[in-house]
Amino acid sequence: YDICPDNRHKSNKMEAPAGIETVASLPQPALAALSAAAAAASASLERVDDQAVLESKEVAAVDRVKAKQAFAALVMLYVEAARTDADATALSSLLEDCQISGSKAETIVSSFSKVRSQARLALRSASSSLPHLADVAWRLDFLLKSNTVEKINEAVFTIDLKLEAGPRGETVQFACSAAQLQDLVAKLKDATKSLENAAS
């Protein structure tokens, strides 16, 4: 998933996870227990002891396979809702499209609303996306001599790549000669052409 906490590339379309239809047939007490456990799982993105949830008195009366499917669907629903930054209205609308309404929909929306911000935070911190290039700055220095060599007379480029990485930006700095910089530019042009070819 593409986690975009700044919402610049956020998809507004939330999709219903597989198995969500099993949620509609659950009795209210079982739905409340599964929904709360799924919300806790989506808020921490850690493995939840589903055995304890499935053996709870509220869920024990439900077919075990159906309960597992419903639990997995609810976890996926909450993660997807957090990923798309869905609000209560969007989640309710999706549930209505899946034939889940009334007190069952309210239970699901309420459970998610309690953990929405923690789930967004967990997704943001679990994101494995690479930092994005925000800006490039460069400087040309001309070296005349050094401590060991009397005459150098060489141009050296200092490149600063400013990256968007998490809440704070990061800068990567390197120095190169004119030939190395030309090689870098040629490789970037090749990469751009490859990307354009792949897109067409």
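Reader: Is glutamine 99 buried or exposed?

Author: The classes rest on relative accessible area: buried is under 20%, exposed over 50%, and partly exposed in between (1.4 Å probe, protein chains only). Glutamine 99 has a relative accessible area of 66%, so it is exposed. This is a predicted model, in which local features need pLDDT of at least 70, side-chain atom pairs count only at pLDDT 80 or more, and totals for chains, interfaces and linings use all residues. Residues are numbered from 1 along each chain as its sequence is written, and side-chain values use heavy atoms, with hydrogens and water left out.

Reader: Where is glutamine 99 placed, and what is its phi?

Author: Helices (H or I, at least four residues) and strands (E, at least two) are DSSP runs, numbered from the N terminus. Glutamine 99 sits in the loop between H5 and helix H6 (102-126). Although not a glycine, glutamine 99 has a positive phi of about 65°.

Reader: Which loop holds aspartate 85, and how is its backbone turned?

Author: Aspartate 85 belongs to the loop between H4 and H5. Its phi is positive, about 55°, although aspartate 85 is not a glycine. With a relative accessible area of 21%, aspartate 85 is partly exposed.

Reader: Is threonine 84 buried or exposed, and what lies 3.4 Å from its side chain?

Author: Threonine 84 is found in the loop between helix H4 (64-83) and helix H5 (88-97). Its relative accessibility is 5%, and therefore threonine 84 counts as buried. A polar contact is a pair of N or O atoms within 3.5 Å; within protein, one must be able to donate a hydrogen and the other to accept it, and residues adjacent in sequence count only if both atoms are side-chain atoms. Here a polar atom of the threonine 84 side chain lies 3.4 Å from the backbone oxygen of alanine 81.

Reader: How many helices and strands does the protein have, and why is it described as more spread out than a compact globule?

Author: There are seven helices and three strands, in the order α-α-α-α-α-α-β-β-β-α along the sequence. The radius of gyration is taken over C-alpha atoms, and the globule rule is 2.2 Å times the number of residues to the power 0.38. For this protein the radius is 26 Å, well over the 16 Å that the rule gives for 200 residues, so the protein is more spread out than a compact globule. Along the principal axes, its C-alpha atoms fill a box of roughly 85 × 40 × 25 Å. Of the 200 residues, 32% are buried.
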